[in-house]
Amino acid sequence: MTPLLLLDGISKSFSGVPVLREVSLTASRSEVLGIAGENGAGKSTLMNILGGVIAPDAGNMVLEDRVYLPRDPSEASARGVAFVHQELNLFPNLSIAENLFLTDFPRRRVLGLPLIDRRSAAQAARRLLDAVELPLSPDTPVERLSQGERQLVEVAKALDRDARIVIFDEPTTSLAARESARLFAIIERLQARGAAVIYISHALADVRRLSSRILILRDGEAAATGPAEEFTEERMISCMVGRAIGQLYPARRPLPPDSQPLLEARGLAHPGILENAGFTLHSGEVLGIAGLMGSGRSELARILFGLDPCERGQILLSGLPIQHLSSRERIRLGLAFLTENRRDDGLLMPASVLANLALVDPRSSRLEPVAARVGVRCANLDRQPVRQLSGGNQQKVALGKWLVSQPRVFLLDEPTRGIDVGARAEIYRIVAALAAAGVGILMISSEIEELTGMCDRILVMRRGEISASIARPDFDREQILRVAL
Amino acid sequence: MLAGCGNRTAGTAAPTIGVAFETLQTEYWVASRDAIATELKKRNLSMLEAIADGDANRQFEQVRNFITRRVDGIIVVPKDAQTVVPMIREANRAGIPIVLFNRPPAKSDARSVTVVADNFSIARDTVAYLAEEALKTPGKRQAAILIGDLGDINAIARRDGFEQALKPHADRIEIVSRIPTEWNQEKALAGITNAFQAHPGIDLIFVSSDLLLPSVVSALKSRSRYFKAGEPGHVVLGGFDGDATAYRMLTEGYLDATGVQDVGFDTAATVQAVIDLKAGKPVPETVLDPGFVIHQGNLRQAAPRMWGAGIRK
Amino acid sequence: MRGLLTSRYLVAALAAACFLVFAPLIPGIATAGNLSNLLWNMLPLAVVTIGETFVLITGGIDLSVTAIIALCSVTGALVMNGRNGYLAGSAAAAPAAIFAMLLAGVLLGLVNGFAVTRLGMPPFIVTLTTMMFFGGFAVWLTRSANIDALPPAFNRLSGVGTLAVAVVVALAADWTLRRGIFGRWLYATGMNPRASLVAGVPVHAVTIAAYTVSGLLAGAASVLYTARLETGSPVLGQRIFLDVIAAAVIGGTSLFGGRGTVAGTLAGVLFVALLDNSLNLLGLSFFLVLTVKGAVILAAALLDSAARRVLGEAVE
């Protein structure tokens, strides 16, 4: 059977720098092609070429036995190529239905004037939402949706186009486990319908699970390709990185029994957000927090840090009550908080690496050593804006600024979201080193593997409550998921 | 466009006069500026122009620029009486004659000449004519005045002239409304409308400047009291300045009289003062323009001297 | 060429280029007298623009600076004028009045700062409203009249005194922005207030301080303008706001926050003052002056922003 899509020898350079070097791939009907690669490997460029955003410098593309060279995204769309982007293209101030049909509303004529046919738009939207199992009204404004729900709307948008090829770019970064499961079911349905699916992700286990075939990109080249069975995660990683990376998660010694309690939460409650949440974090401990989106994990972190108020309950730092202190005072006592979204509230994008590292403790002279310690790779520490760095390097800077003042308790919210495997390994190394030095770490994550790989204990949150506390010997992925649900 | 700078070529002996206006926002200023330009040309003097757009600081910088360029004389329409004083002082220090047009400076030790209309007398004469007309009808009259900006010495003088003219007729003419307008047309409209509410019987109105006439006309029309002289119900109406609106209303018969600042006289006197000062001749501190009243009775004869009559609308 | 475009000195270079272009067209421009005028014209504008720069760096804007200048002018004049001032005739009149003017500037700035941080409304709206309040209050205080008869000691400030004030302000502001922690906090707040808050920057206090500095420097500029005109005026400085913003923006201060330097602002002030001065001296018709000024300022701002975007230089 001829493949649905064929790319042959695609090359692209920007300002003389080659970004893709003669990449070839095929995608067949009812098949999932998984693509993995580090940031900078060329995945985005390749997808942009497929999607009609940019044109290749050399090479051919053939779709459904016809030459495929889209001049712009709408042409790509017209040929049946649908994209679900990592950076969502939704308008938060409009409703779901309006977003779905933004470029082609169903119309009716009244007195000769074309008006939007809201009823059929709502019906059509309803149908699409059912297909992705999103039980919301089509009139819901998108700004009220969670990240996961928004992604599902994007998928619905792609389904609407009756696509031949659906490309998913990092779709699960913002989805919790249940939503991911939904997404996988949708992908299976797309396969059954005869579409070809291209699935790009850092979540290597997911890529292995879903794909029929896998392509690994490294430095703009196709480093390896073949049936999914031929790839273990380790092989995928070593192809991506070009060397054996060994353990992703650093080895850790178990916590000594006489470890002092460092941060204690007792009976924290705030209407609608937390319900009697309590735990104890010990010095040198890595305590994970698992749970679905909306279970209150990030809210708990913000309350612990002092950014949001909490109606009832106590927070004790080495026995000292701190629930009435401002976040500034808590920072001075040794708390640190790496937020979920580095772009929104973790970094000053136009500023340099050094300027960002100096944000928490401007008087420090340890900026450059810290930059070296976290392993930031950039052209110029002092003059290059952080905006230009890769996601992994950005996250290192966001984390590094807290290290300057040597915190005692570190709250990490999704510390490796959207960053490539090499940077992830480095961040895990840093976290392990901090724990070994006696820092208490609270790690919130939606990736169970990450939690089981790094933590001494895992708390599971559900609807604002801590519903379980599981010690390392009892780690079990399925069980954790079950409790979270 | 570059005519201003073209005049000053190297080695030319033609003396240059710096002309600094506060604003060109009304017809009166535009007409004055044009008249000054014409007069200077007639006298073989070249002109450098600067408009301050209502900002005293800018005017200060502009006058100082003139001084730096060693002009032979300065004519200035001050933004206000006080801020012009340091400017006069600088001109004095540089030995450059300075003449103020239309607005006198605040009292100080700085030396200057001011050419200004005799606001008091002209207003008084205008209102006297209005009173005469009003008294032709038997019975009592109610009068209103729209005053200009209370910080403007000219406005105060005109108000005083109005009061003075009506004093002898206090038994038959009652001043029921004194409306401050800050020379603003919207404020004038609001003020006269309120006045009519309180005193519907107003039948004599004096505006301190013709630029306020449209506001009064609007108010009269909305109360159906806009009639020509001689028609029953005519409200006796008078103004000050002599602009194109006033001229039109006079010829149509709606306006009874207006006091005219004789722009021709003013500009000639100003330029003459500059020349005389430069030559070292003594010039009085204030040169008064007697102006004149133009009314229904002398319309044809006086019109040629009225600067607003010459403006095509 | 690339180096010149990125250089901090781009605007100063543009100003110099402007000067060279105009010099042959305008005989008087290069004389010591005119250059001296230019300098004196620049100084008060520089003081108030530096204050505005602080606010712009935080991502806000202070529309009320001109009204603050007016209200401070009137306040000082009420204290020290020889006719009916509170301290008329006393030797302490001038210093007390100056103190009152600066204090008024600080208080008005605090009002702005608290309104912006507590009310959560866009700074544009808040300072537009305070501009009307402060301006209206100044007019009401004096019933539209000017106040003259200021003590000669005060009026004498318009000479070397002005230069001294401007130099002190520029040096202090530059040191604060480049070396002080407050400076770092200002830039951080402007670039990303949320990230700054998380990192422990006292964002609200920093914002209030920025508006207070703007008010204080507007008060200082008011001292200089009032001394120059020897008059306390409730409408002082009404028209300079566009010059202030133009100078700041041309000098590299971004209206979106996070960017701006004292050196850049001074270059921008120089440029605007030079442009004004040149167009004045050219004797062009009034309307042409406005058009040319607007066009040149727009071009300079576009050039500066394009240069920075293309080169992706790190800020601050």
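Modeller: Start with a definition: two strands pair if DSSP finds at least two bridges between them. Helices (H or I, at least four residues) and strands (E, at least two) are DSSP runs, numbered from the N terminus. This is a predicted model: local features need pLDDT of at least 70, side-chain atom pairs count only at pLDDT 80 or more, and totals for chains, interfaces and linings use all residues. Residues are numbered from 1 along each chain as its sequence is written, while chains are lettered from A and ligands numbered from 1 in written order.

Biologist: Which residue of β20(A) is the bridge partner of V286(A)?

Modeller: Strands of a sheet pair through backbone hydrogen bonds, either parallel or antiparallel. Here, V286(A) has I441(A) as its bridge partner. Strands β15 (286–291) and β20 (440–444) of chain A run parallel, joined by four bridges.

Biologist: In what order do the six strands of the open sheet lie?

Modeller: Read β18-β19-β20-β15-β21-β22 in chain A, with mixed pairing. At the edges are β18 (335–338) and β22 (465–471) of chain A, each pairing on one side only.

Biologist: Which strands does helix α9 of chain A touch?

Modeller: Contact means that C-beta atoms, placed from the backbone, lie within 7 Å. Helix α9 (297–305) of chain A packs on the sheet, touching β15, β18, β19, β20 and β21 of chain A.

Biologist: How many residues does each chain bring to the contact between chain A and chain C?

Modeller: Chain A brings 25 residues and chain C brings 17 residues. On the side of chain A that touches chain C, α10(A) gives the most, with three residues.

Note on methods. Contact = placed C-beta atoms within 7 Å. Axes fitted to C-alpha atoms, helices over the stretch in contact; angles between N-to-C directions.
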